[in-house]
Amino acid sequence: MTATPNEPQRGSGDAAVAAAAERAKLTRHRNLPEFDDLPGPGDTANLRMGPSLHDACLSLLPLVGVWRGEGEASHPSLDESYRFVQQVSLAHDGRPFLIYESRAWRLDGEGGKVIAPAFRESGFWRPQPDDTIELLLLHETGVAEMFFGSARNQTTWEFGTDAVLRTPTSEDVTAASRLYGVVEGSLAYVEERATSEHELQPRLSAKLDRIVG
């Protein structure tokens, strides 16, 4: 699979700050598209703009932004593995949750051309007073997942499903787990998925670079 979030490596704090500042030169002035006639402030994926991040979301601060990169989908339930390009948005409106949006497009190989739309997801990250995090996801395939999780450390978050709801025409999903990590300024994640015929096995992985925030 493409990427596994790892524990942060010890090193020079000054070097890490300098590297983050260099990366931010291209992203710090960008934000989500916004209509100028909204009755109130819109969502922001840039901590320098818009409403202040709610205190309840401070443990999720490294995730706020728009991320884009490539990944791999591979699972026994798939006819074949495939590469994809993905964009993930984690934004907020000042309230105690993050707004999650994800779009992916299938590629004809690593670094290849887009050949078709792939999966879409939307949902919310809802941190709780006991330091747990509720992650609610909806999929275009007719699946709704309720994850519970927590932060492993300041840059890694782990989740497992407590419930999966499916429409009569949905894809076959019975459980899932996800691990997210911000590694050297990039967002990496892996997802495992179970079906009625397969136990939890790797399904998605990707490493995404920040393009906003």
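Biologist: How much accessible surface does the protein have, and what share of that surface belongs to carbon and sulfur atoms?
Modeller: This is a predicted model. The accessible surface comes to about 11,700 Å². The share that belongs to carbon and sulfur atoms is 51%.

Biologist: What percentage of the residues count as buried?
Modeller: Buried means under 20% relative accessible area. The protein has 213 residues. Of these, the part that counts as buried is 38%.

Biologist: How many helices and strands are there, and in what order do the elements run?
Modeller: The protein has one helix and ten strands. The order is α-β-β-β-β-β-β-β-β-β-β.

Biologist: Which residues have the most contacts inside the largest nonpolar core?
Modeller: In soluble globular proteins, nonpolar side chains tend to be buried together. Here the largest nonpolar core has 30 residues. Strand β2, residues 82-91, gives this core its largest share, four residues. Inside the core, the residues with the most contacts are Phe84, Trp125 and Trp157.

Biologist: Which residues does Trp125 contact, leaving aside neighbours within four places in sequence?
Modeller: Contact means heavy atoms within 4.5 Å. By that rule, the partners of Trp125 include Leu60, Leu63, Leu90 and Phe97. Leu98, Tyr100, Ile133, Glu134 and Leu135 are also among them.

Biologist: How many residues does the second, separate core have?
Modeller: Its members include Ala45, Val66, Ala91 and Ile211. The number of residues in this second core is five.

Biologist: Is Leu61 buried, partly exposed or exposed?
Modeller: Leu61 sits in the loop between α1 (13-24) and β1 (65-73). Together with Leu47 and Leu58, Leu61 makes a nonpolar surface patch of about 240 Å². Leu61 has 35% relative accessibility, so Leu61 is partly exposed.

Biologist: Is Thr195 buried or exposed?
Modeller: Thr195 lies in the loop between β9 (186-194) and β10 (201-212). Not counting residues up to four places away in sequence, Thr195 touches His75, Ser77, Asp172 and Thr174. The relative accessible area of Thr195 is 8%, so Thr195 is buried.

Conventions
Residues numbered from 1 in each chain as written. Predicted model: local features only at pLDDT ≥ 70, side-chain atom pairs only at ≥ 80, totals over all residues. Heavy atoms only, no water. Patch = residues over 30% accessible without salt bridge, like charges linked within 9 Å, V, L, I, M, F, W, Y side chains within 5 Å. Areas by Shrake-Rupley, 256 points an atom, 1.4 Å probe, with all protein chains shown as cover. Salt bridge = Lys/Arg side-chain N within 4 Å of Asp/Glu carboxyl O. Helix = DSSP H or I, 4+ residues; strand = E, 2+ residues; numbered from the N terminus. Buried < 20%, exposed > 50% of the residue type's maximum accessible area, 1.4 Å probe, protein only. Core = buried A, V, L, I, M, F, W, Y, C linked by side-chain atoms within 4.5 Å.
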